Amino acid sequence: MRQLAWTDLEHYDWLSVPVWACEVATGRVRWANAAAISAWGAEPGELSDLVVGEGLRLAQEDLLSLWQEAGQGEGLTIAGQLCQGLADRDLRLQVAQLVLPDGQAGLCLQAQLQAPATIDPLALRGVEAVLHFSLAVVMFDLQGRVLMQNPFALRAFPILGQLESGGFADLLDNKAEAEQVWRNAIEFGADQGERQFSARPKPRWYAYSLHRVLDPVTGEKAMLLTAQDVTERVQSEQKFRVLFEQAANPLLLFDPAIARVVDCNRAAALALRLASRRQLIDTDPARFYPERQPDGSDSRQQAAALLEEAGRRGWQRFEWLFLRTDGSELLVEITLSPVSVGDRKLLLMAWYDLSFRRLIERQLRDAKDEAEAASRAKSQFLANMSHEIRTPLNVITGMTGLLLDGEMPPQQRQRLELVHFSAAGLVELVDDILDFSRIEAGRLTILPTVCDLHALLHRTTELLRYSAEQTGLQLALQLAPAVPRYVEADEGRLRQVLLNLAGNAIKFTARGSVSLQVDWLEEGGTAPRLNVVVADTGIGIEADKLDMIFEPFAQGDDSTSRRHGGSGLGLTITRRIVEAMQGYIGVLSQPGVGSRFCFEIPLRPSAPPQETATQGHHPVRPLRILLAEDNPMNQTLALALLEQDGHQVTLANNGKEALAYVEREGYDLVLMDMQMPEMDGLSATLAIRALGERGRLPIVAMTANVLPEDKARCLAAGMDDFLSKPIKVERLRQLLYGVAEYSPVMAGTASDAMLFDAGQALLICGGNAGLLATLLDQYLEEWPGRQAALQAVWASGDMAGLAELAHLFKGSLGALGAMPGVMQAQAIEQAARAGALDAATYDDFLALLAQCAEQFGSYRAANPGSAHATQ
């Protein structure tokens with residue numbers, strides 16, 4: 001305020017704030033406006049009694065000092081307190097010089113009364129919140145000294161309470177760093193980030209903010225620090241960063257929003273042959289894509305689809321091909337996982353190099369191929385050796401059989417029987433080797449049929465009796481009365497087990513006896529079991545050798561292989577066969593006393609089987625047979641066997657000659673060897689089937705190739721049946737009887753023929769009697785409808801429809817082992833397609849189908865076992 005004249009006071013008279021004038025020398029009030037009188041709590045007449053200095057608690061010399069200071073500028077503002085009136089009141093005064101009417105020095109004072117001090121509730125709540133914050137709050141003056149700290153700050157930074165003059169610089173171990181943070185906050189108004197602060201018991205990471213504020217007490221400038229402990233998060237991030245950076249597999253963070261890699265580890269850069277990570281982060285990832293992926297898809301489109309799928313599913317794994325900077329290819333398996341980094345939604349990519357895996361897979365594939373090639377080579381070797389061995393054995397057994405059918409002196413017959421028996425032993429040895437090969441390959445099959453168990457046991461005993469008597473042994477069969485005569489069993493495999501065990505017992509017993517003790521065990525809740533004990537009084541087996549005698553090529557004593565012979569495979573095969581029959585085998589033995597081999601297998605009693613026509617030795621009509629065989633010895637034997645029964649045989653030395661004969665002449669049957677020069681049996685069969693009408697005749701393999709896959713190849717080439725060498729005369733005669741009765745060139749029906757071979761049907765069904773029952777039931781259920789359909793297409797002259805139905809019957813009958821029906825159905829199909837089917841042939845076919853259905857029904861009635869459920 002400027003120096004005032006007395007007359008200026010009239011301008012303040014109306015103001016609502018107190019204004020008054022006083023003498024400097026005495027402090028006595030000379031003038032006051034209404035607001036001042038009210039503030040002083042006085043009456044207008046009492047002004048002369050008021051002294052400004054006393055009311056403002058100012059001494060006389062203070063008033064003089066105020067007058068002097070007010071004269072130096074435009075005015076002076078001071079704080080004071082009015083202590084007269086109703087209550088003490090805080091106020092702020094503006095002071096100006098004044099000339100009183102009598103010329104004395106005076107002061108004009110204008111007062112701004114302050115409201116009584118009150119505490120804001122919000123401020124109280126703020127203070128309470130700061131006191132209980134879970135973050136540290138510290139206020140410093142501009143020199144860095146602590147003005148205030150909340151309890152959490154005192155606990156977090158105990159150093160502030162230990163130092164009388166503690167300040168911000170004490171919170172960081174690095175003083176230079178602390179000075180820089182303080183300077184930034186002073187200069188720019190704030191500094192924030194994450195740092196390590198000196199804390200208890202060791203430095204910890206804090207997210208902090210240091211910024212300028214006003215001290216609410218003094219109104220002066222101050223610095224406020226807020227700090228939150230983030231040590232666990234920072235350490236977790238550091239661990240992740242270490243794992244991320246040091247991982248051997250490439251790891252990348254991908255931002256789908258911008259389609260860029262925002263971070264990656266060193267392994268990712270190295271995988272793509274990049275010098276630094278920045279080259280991958282700053283580059284469009286599509287630069288490393290080939291135009292197309294190995295599956296032919298467009299790389300860019302496929303990448304977009306996979307990223308979208310990962311976002312939708314929350315996870316994705318796939319194979320991806322990259323192009324490195326050096327042009328080489330990198331095939332990886334990528335795993336995508338969504339992650340959040342701050343407020344960004346990213347994808348974490350993990351690459352797994354498939355090169356090593358592909359190498360291992362390739363090596364495994366090569367090893368598998370080599371193993372399979374070795375297995376095929378071994379199988380081929382066994383097949384070849386079997387073929388080469390069986391060829392002369394076929395002649396030996398066949399010729400001795402022919403000679404034994406004639407009349408001769410007893411001594412000569414005995415010698416021939418020895419030859420025949422020895423040849424049979426060689427055949428068994430070859431079979432053992434092939435069986436062991438099948439067992440190793442897991443192809444040993446058990447094909448149960450109805451068999452005469454009593455006859456099997458007696459025949460086996462009689463077969464071995466000659467060997468036993470030659471060494472002075474007693475061979476006895478002890479058959480318990482409870483043992484049923486007919487059971488469902490694989491007769492050949494059961495005979496093989498009995499011959500192996502009893503044959504070994506005779507071989508290793510010098511004196512005493514050998515016995516077969518057969519019993520039938522039936523217990524509640526379990527299937528009936530056949531129990532067989534083969535006991536001898538032979539050399540016995542050492543206790544430490546008992547565990548190894550069932551191993552391949554092992555015997556109780558190495559010397560026995562020289563003294564007694566044998567391949568060391570018999571017991572191995574025996575155990576595997578028993579186990580395949582769901583049974584078990586064991587041995588008890590004592591050296592010098594003897595051995596007891598015991599096996600037990602579950603069997604099911606059965607009704608007697610139906611007799612076949614050949615079992616009654618019905619005569620077979622003479623057939624015109626084409627024999628395709630290149631081996632002179634086999635030719636001689638086969639001609640002798642066939643011509644002995646009155647058949648007319650034409651000889652072809654190879655498949656090419658056989659094909660030429662079929663093209664020129666008609667035959668009832670072709671017996672075809674598999675391995676022949678110029679054209680083998682399989683090729684010849686395919687060529688014959690391609691002839692059309694002339695190719696519709698039965699073709700039967702007659703070969704020394706006896707492996708299951710050999711039979712499958714023959715049937716796949718179009719052959720109708722399979723005979724293995726050495727040839728069994730009864731099996732050959734049975735086959736010829738079927739051909740004679742059902743050959744398409746033969747008119748008439750066969751009312752007494754056996755069309756259904758249950759053993760063959762079980763073989764086709766893998767030995768599964770339940771499956772065979774299901775197929776038979778299905779055929780019988782569908783037969784009336786198929787019969788009616790067949791009659792309808794014949795009546796309408798629909799040869800195409802009839803051919804389709806004949807084809808359907810051919811498949812159904814083939815699945816049931818009714819080979820005569822298959823051959824007739826094939827002939828009907830071919831004739832119908834050629835439009836050359838006559839009424840008589842059709843009637844014969846219809847009668848044959850009815851007879852098949854009748855025999856299927858008879859078999860099911862005799863074997864009422866449950867069938868498998870069909871889907």
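This is a predicted model: local features need pLDDT of at least 70, side-chain atom pairs count only at pLDDT 80 or more; totals for chains, interfaces and linings use all residues.
Residues are numbered from 1 along each chain as its sequence is written, and side-chain values use heavy atoms, with hydrogens and water left out.

The secondary structure of the protein chain comes to 27 helices and 29 strands, where helices (H or I, at least four residues) and strands (E, at least two) are DSSP runs numbered from the N terminus. Of its 871 residues, 44% count as buried, a term that means under 20% relative accessible area, with exposed set at over 50% and partly exposed in between (1.4 Å probe, protein chains only). Among contacts between residues at least 6 apart in sequence, 58% join residues at least 24 apart, contact meaning heavy atoms within 4.5 Å.

Strands of a sheet pair through backbone hydrogen bonds, either parallel or antiparallel. In this description two strands pair if DSSP finds at least two bridges between them. Strand 14 (residues 316-323) and strand 15 (residues 329-341) pair in the antiparallel sense over 8 bridges, and Gln316 has Leu336 of strand 15 as its bridge partner. The two strands form a hairpin with 5 residues between them, and Gly327 in the turn has a positive phi of about 90 degrees.

Strand 19 (residues 486-489) is joined to strand 24 by 2 bridges, and the bridge partner of Glu488 in strand 24 is Arg604.

Gln635 has its place in helix 18 (residues 632-644) and is buried, with a relative accessible area of 10%. Leaving aside neighbours within four places in sequence, Gln635 is in contact with Leu627, Glu629, Asp630, Leu651 and Asn653.

Towards the end of the numbering, helix 27 packs against two other helices. The axes of helix 24 (residues 769-796) and helix 27 come within 10 Å and cross at roughly 155 degrees, which makes helix 24 roughly antiparallel to helix 27; angles over 145 degrees count as roughly antiparallel, under 35 as roughly parallel, 65 to 115 as roughly perpendicular and the rest as oblique. The residues making this contact include Trp783 and Trp794 of helix 24 and Phe845 and Phe856 of helix 27. By class, the contact has 17 nonpolar, 3 polar and 2 charged residues, with Ala, Val, Leu, Ile, Met, Phe, Trp, Tyr, Cys and Pro counted as nonpolar, Asp, Glu, Lys and Arg as charged, and the others, Gly among them, as polar.

Helix 26 (residues 819-834) and helix 27 (residues 839-862) pack at an angle of about 150 degrees, with their axes 11 Å apart, so helix 26 is roughly antiparallel to helix 27. Their contact is made by Pro820, Gly821, Gln824, Ala825 and Ile828 of helix 26 and by Thr841, Asp844, Phe845 and Leu848 of helix 27, and by class it has 5 nonpolar, 3 polar and 1 charged residues.

Notes: Axes are lines fitted to C-alpha atoms, for helices over the stretch in contact, and angles run from 0 to 180 degrees between N-to-C directions.
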